[in-house]
Amino acid sequence: MKIAVLGGDGFVGWPTVLHLSDKGHEVHIIDNLSRRWIDTELGVQSLTPMDSIQERCRIWHDLTGRKLAFHLIDIAKEYDRLRDWLRDARPDAVIHFAEQRAAPYSMKSDRHKNYTVNNNVSGTHNLLNALVETGIDAHLVHLGTMGVYGYSSVGAAIPEGYLDVEIENLEGEKKGLEILYPTRPGSIYHMTKSLDQILFQFYAQNDGLRITDLHQGIVWGTHTDQTRRHDQLINRFDYDGDYGTVLNRFLIQAAIDYPLTVHGTGGQTRAFIHLQDSVRCIELALNDAPEAGDRVKIFNQMTETHRVRDLAEMIARLTGAKVAYLPNPRKEAAENDLIVKNDQFLALGLNPITLAEGLLSEVVDVAKKYAHRIDRKRVPAVSAWTRDIAARVETDPEGTRLKSVS
Ligand code: NAD
Ligand code: USQ
């Protein structure tokens, strides 16, 4: 297949590009490199030393003989260039990772809220619009999030995207209806993914676009089979308070002897998936495309759920790290249960990698190797969800923990 990977320079995008290229697909990366600029804005860098995208592509070619093409396009701002590229290249599939994906970054200020909404919603809409305009019938696979469902504890399993409900008509008869599972996003970022869902529903119904939306949990790990092959193919690894995600953060914190930063009681339960499984799932979804006229196909792309404090305590036992229970900078349920259906990927043959499989120590080893690149002051998460919360939390002078000042 000829595949366009939008956001192919990112944490999940790059290993996906390599995985698909390794399988013999012709892969084109489209990225505006905004994520690298955001590192500069925040004054942080990936834990791992990343080469330029052009250099990464050159190394892969030298190693495997397979070509990767890179196209510098901002999909949110350069509609005409995106449309013309699609018209000329005519890919069979488009994988859409190209969004601002950090909840804390999206909540930092009014400017960050605007940027996240404008970038994510315009980018997704531009892509859908261009697919219709060019008429190329490519299968669109979008990376969405488990967070669109919210974290209310109703004690029922979260279905894969749709919910069967009954409503009473005017004659008092009960009628069945299938609806998108009601969204309850917990950040501006998660809200943009909820808006994406409506855009997909409209374009599938109105224009017959073939769309798969992957509601993915928190991705952990750093290497895949392909990134392990050469030092310069190494993946991005975010550890900072805005972009680092919880399990990867705990692992690097353990590696540098930094107390594990649990927000609140740590009673938040979240869904997780290893990076290697994430790229496998994307390949499985690519090969299971809906037909024109079908509803949007939604998969829950996760393999296990864990409570944040259980993860911290497990890593503390494994590594001897201390655990710090901190005031939560986010507005979120202190405790929640989470039961998630993921039957579709299991039926397609996914054999999940679990936390128990020794890959936790691989991340700790990578973190130890590059520990000299970590700025400890960038570890705390300081982006507060509301003004009230911002007034109650601040970082201490060493930047090693949040404390309550009220
Ligand atoms: P990332 O920030 O590392 O990568 C996103 C890439 O998209 C970056 O290379 C960035 O430069 C590019 N990009 C952003 N806006 C763009 C635009 N307007 N035009 C062109 N390129 C643009 O993020 P990631 O962790 O690789 O996540 C990829 C996707 O997967 C995101 O959509 C995210 O919401 C979703 N996701 C990620 C996780 C996770 O734990 N990392 C979990 C669930 C879902
Ligand atoms: N948390 C801590 N300590 C930390 C960091 C986070 O306790 O140091 C807590 C948070 O308060 C939250 C939970 O851990 O309750 C998860 O936070 P996270 O930053 O790991 O994940 P989240 O903000 O939800 O976002 C990440 C990705 C996003 C993706 C989402 C999948 O950045 O792109 O969509 O995971 S999901 O969570 O399933 O919606």
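How much space lies in the second largest pocket? About 170 Å³ of space lies there, where a pocket is an open set of points, on a 1 Å grid over the protein atoms alone, with protein on both sides within 12 Å along at least five of seven lines. Such a volume is the space filled by probe spheres set on the points, which are joined across faces, edges and corners. This is a predicted model, in which local features need pLDDT of at least 70 and side-chain atom pairs count only at pLDDT 80 or more, whereas totals for chains, interfaces and linings use all residues. Residues are numbered from 1 along each chain as its sequence is written, chains are lettered from A and ligands numbered from 1 in the order in which they are written, and side-chain values use heavy atoms, with hydrogens and water left out.

The second largest pocket is lined by 12 residues, and those closest to its centre are Lys108, Asp242, Arg378, Pro380 and Val382; lining residues have an atom within 4 Å of a point. The lining comprises 4 nonpolar, 3 polar and 5 charged residues. In this classification Ala, Val, Leu, Ile, Met, Phe, Trp, Tyr, Cys and Pro count as nonpolar, Asp, Glu, Lys and Arg as charged, and the others, Gly among them, as polar. The structure also holds 4 cavities of 30 Å³ or more, a cavity being a set of points where a 1.4 Å probe fits but cannot get out. The largest cavity has about 100 Å³ of space. Its lining consists of 13 residues, with Ser152, Val154, Ala156, Ile158 and Asp337 nearest the centre. By class, 8 residues of this lining are nonpolar, 4 polar and 1 charged.

Ligand 1 is surrounded by 29 residues, of which Val12, Asp31, Asn119, Tyr189 and Lys193 are the closest; a residue is counted if one of its heavy atoms lies within 4 Å of the ligand. Oxygen atoms of ligand 1 lie 3.1 Å from a backbone N or O atom of serine 34, 2.8 Å from a polar side-chain atom of lysine 193 and 2.9 Å from a backbone N or O atom of valine 219. Of the 830 Å² of accessible area that ligand 1 has on its own, the protein covers 98%, with areas taken from the Shrake-Rupley method with a 1.4 Å probe. Two or more residues of the shell come from each of helix H2 (34–42), strand E5 (139–145), helix H7 and strand E9 (218–220). Helices (H or I, at least four residues) and strands (E, at least two) are DSSP runs, numbered from the N terminus. The shell around ligand 1 has 12 nonpolar, 9 polar and 8 charged residues. Lysine 193 is located in helix H7 and counts as buried because its relative accessibility is 5%, buried meaning under 20% relative accessible area, exposed over 50% and partly exposed in between (1.4 Å probe, protein chains only).

Around ligand 2 there are 22 residues, and Thr145, Tyr189, Val246, Thr261 and Glu332 come nearest. An oxygen atom of ligand 2 lies 2.7 Å from a polar side-chain atom of tyrosine 189, and an oxygen atom of this ligand is 2.9 Å from a side-chain N or O atom of arginine 249. A polar backbone atom of threonine 261 is 2.6 Å from a nitrogen atom of ligand 2. The protein covers 95% of the 730 Å² of accessible area that ligand 2 has on its own. Helix H7 (188–207), helix H8 (246–255) and strand E10 (260–263) each give two or more residues to the shell, and E10 gives the most, with 3 residues. The shell around ligand 2 has 8 nonpolar, 9 polar and 5 charged residues.

Most residues other than glycine have a negative phi. Leucine 33, in the loop between strand E2 (26–31) and H2, has a positive phi of about 60° and is buried, with a relative accessible area of 18%. Aspartate 137, in the loop between helix H6 (110–134) and E5, has a positive phi of about 55° and is partly exposed, at 48% relative accessible area.

Histidine 215 belongs to strand E8 (residues 211–216) and is buried, with a relative accessible area of 0%. The side chain of histidine 215 makes polar contacts with the side chains of tyrosine 149, at 2.9 Å, and aspartate 213, at 3.3 Å. A polar contact is a pair of N or O atoms within 3.5 Å; within protein, one must be able to donate a hydrogen and the other to accept it, and residues adjacent in sequence count only if both atoms are side-chain atoms.
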